[in-house]
Amino acid sequence: IICFDHNWDLNQFVKDVYADPEAFEIVDGAAFHAYGGTLQGQIEIKSLYPTKNIYFTEQSGGGWAPGFGNNLKWWMSNLFIGAVNNWSKCVLLWNLMLDANHGPYLTPGAATNCYGLLEQAAEGGYTRYSEYYAVKQMRVIRTGARMIGTSGYTPSGLMSGAATNH
């Protein structure tokens, strides 16, 4: 059982669940999204409950952040390096593939400006968003891989992560 499955800034719910001894016993860990807050919310939960797992279970790009370069940097530093270097066992994205109108939509009133990693272009072919290229950078890490520490000189502002495939 994974509890929560919501934004980094709303992690009080996880604390409330873990405060119940019976719930604490049966819950494997907490799941996060990054639509609100910062990675610090995930780090705080792991620091308070080191025996519990962390999962990053949803994020979408969208029309609210159209800048390719800044988006790619954000995805890598916050999710594919940041979340993973801070105990997340996975990074799942929402949506993998959409049509040229950013659909289909699951429910009336659903967000209509989310991007998929790939979108069918109106004129044929596909549009690839920054999320696609971020995921592509991670293709060398296999299921069952273990994150390992890195050390040594790194220029200011450079983030890194390392994994060993089993």
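In the predicted model, P104 sits in the loop that connects β5 with β6. The peptide bond joining G103 and P104 is cis, and its omega is about 10°. The loop between β5 (97–98) and β6 (118–120) also holds A111. With a relative accessible area of 44%, A111 is partly exposed, because a residue is called buried under 20% and exposed over 50%, and partly exposed in between. From A111 to N95 the separation is 16 residues in sequence and 12 Å in space, taken from C-alpha to C-alpha.

N95 belongs to the loop between β4 and β5. A cis peptide bond is found here too, running from W94 to N95. Omega for this bond is near 25°.

The strands β5 and β6 are part of an open sheet of three strands, arranged in the order β5-β6-β7. The pairing in this sheet is mixed. The edges are formed by β5 and by β7 (126–128), and each of these has a single partner strand, so one side of each is left without a neighbour in the sheet. In general, strands of a sheet pair through backbone hydrogen bonds, in either a parallel or an antiparallel sense. For β6 and β7 the sense is antiparallel, and three bridges link the two strands.

Helix α4 covers residues 68–85 and is not straight: a bend of about 35° occurs at M76. M76 is itself one of the buried residues of α4. Also buried in this helix are N71, W75, N78, L79, F80, I81, G82, A83 and V84. Several elements take part in covering the buried residues of α4. Among the helices these include α3 (40–48) and α5 (130–137). Among the strands they include β3 (53–58), β4 (88–91) and β8 (146–148).

The relative accessibility of W87 is 42%, so W87 counts as partly exposed.

A positive phi also occurs at F4, where the value is near 90° and the residue is again other than glycine. F4 is located in strand β1, which spans residues 2–7. At 15% relative accessibility, F4 counts as buried, because this value falls under the 20% limit for burial.

F4 is one of the residues touched by N11. N11 lies in the loop between β1 and α1 (12–18). Its relative accessibility is 6%, so N11 counts as buried. When residues up to four places away in sequence are not counted, N11 touches F32, G41, E44 and I45 as well as F4.

Terms used
Residues are numbered from 1 along each chain as its sequence is written. This is a predicted model: local features need pLDDT of at least 70, side-chain atom pairs count only at pLDDT 80 or more; totals for chains, interfaces and linings use all residues. Side-chain values use heavy atoms; hydrogens and water are left out. Helices (H or I, at least four residues) and strands (E, at least two) are DSSP runs, numbered from the N terminus. Buried means under 20% relative accessible area, exposed over 50%, partly exposed in between (1.4 Å probe, protein chains only). Two strands pair if DSSP finds at least two bridges between them. The bend at a residue is the angle between axes fitted to the seven residues ending there and the seven starting there. Contact means heavy atoms within 4.5 Å.
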